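Reader: I have not looked at this one before. Can you take me through a few parts of it?
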Amino acid sequence: MELTRAQLWVELNDIAHPHDRPLPAEWQPYYWALFQLARRLAPRRIVEIGVRAGYSAFTMLRACPEARLLGIEGDLDERRENTHGGRRGMVQHAVKILHGSAAQILIVNSHDIRALPICDLVYVDGDHTGEGCLADLRLATAASPRVLVDDYCSIDSVREACRAFLVDNAAWRADFVENSLTGFLLLTRDEYAVSHVESMAAEPDIHQCCERKAI
Ligand SMILES: C[S@@+](CC[C@H](N)C(=O)[O-])C[C@H]1O[C@@H](n2cnc3c(N)ncnc32)[C@H](O)[C@@H]1O
């Protein structure tokens, strides 16, 4: 039977780290949008950059039970690094809740990796600085024909990194995906461009993003 939005939310709250409980209500549409998109794209091999406590990894694997996931998490110190949501040790929770699933977590800084394994989808939610995000986009697009970027609306430097990437990489198209919180940008290499991803705008609606951000 199809998992509902309410059921996913119950599951996420069940597996959440005590520090995060109860999960903020505004995260519900966000993870539901991720679930629906992952289900539609149906990747078999997923790489995630920026795992934190494992909620997005859990959500994508819940949407794609046949998939394998490799998580890259730097476990950085939020007092010294721009981790946006990072808190040292949270990755141990991800390892715990993903134990027994087809997920493997590597505790490593993405900027120390020369190449990611070839895969069907990379989810980029790690370094949110402009330079760091751009480096992650280059790493991700070398490995996968589809790259989903989080925080396209909520973090200016992420949006700027996406734009800089698209200026230099004409073979990639971008589709904005509403998630009611941070805004996703789905980058797709031309030959993989999909027409069945109905809920996407052809062009990212920056005005809408910026208006919502200002609220
Ligand atoms: C916003 S959190 C990820 C949240 C997670 N995707 C979710 O929704 O459940 C960002 C994470 O990226 C990690 N991070 C930041 N820079 C990184 C880097 N260069 N390499 C690997 N992980 C990084 C941080 O430590 C933090 O845990």
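Reader: What handedness does the crossing of H5 and H6 have?

Author: H5 passes H6 in a right-handed crossing. A crossing is right-handed if the near helix is turned clockwise from the far one by less than a right angle, and left-handed if anticlockwise. This is a predicted model, where local features need pLDDT of at least 70, side-chain atom pairs count only at pLDDT 80 or more, and totals for chains, interfaces and linings use all residues. Residues are numbered from 1 along each chain as its sequence is written.

Reader: At what angle do H5 and H6 pack?

Author: At about 45 degrees, with the axes of H5 (residues 130-143) and H6 (residues 156-168) 8 Å apart. That makes H5 oblique to H6. Angles under 35 degrees count as roughly parallel, over 145 as roughly antiparallel, 65 to 115 as roughly perpendicular and the rest as oblique. Axes are lines fitted to C-alpha atoms, for helices over the stretch in contact, and angles run from 0 to 180 degrees between N-to-C directions. Helices (H or I, at least four residues) and strands (E, at least two) are DSSP runs, numbered from the N terminus.

Reader: Which residues of H5 meet H6?

Author: Gly-130, Cys-133, Leu-134 and Leu-137 do, and their partners in H6 include Ala-161 and Phe-165.

Reader: Which way does S6 run against S7, and how many bridges join them?

Author: S6 (residues 172-177) and S7 run antiparallel, joined by six bridges. S5 (residues 146-149) is also antiparallel to S7, with four bridges. Leu-187 in S7 is the bridge partner of Val-147, and Ala-174 stands opposite Leu-187 too.

Reader: What lies between S6 and S7?

Author: Six residues, in a hairpin where Ser-180 takes a positive phi near 65 degrees.

Reader: Now Ala-102. Where is it?

Author: Ala-102 is in the loop between helix H4 (90-98) and strand S3 (103-107).

Reader: Why does Ala-102 count as partly exposed?

Author: Because Ala-102 has 15 C-beta neighbours inside 10 Å.

Reader: What is Ala-102 in contact with, beyond four places in sequence?

Author: Leu-61, Ala-67, Arg-68 and Leu-69. Contact means C-beta atoms, placed from the backbone, within 7 Å. Ala-102 and Leu-61 are 41 residues apart in sequence, and their C-alpha atoms are 8.1 Å apart.

How values were computed
Buried ≥ 20, exposed ≤ 12 C-beta atoms within 10 Å, placed from the backbone. Contact = placed C-beta atoms within 7 Å. Pairing = 2+ DSSP bridges.
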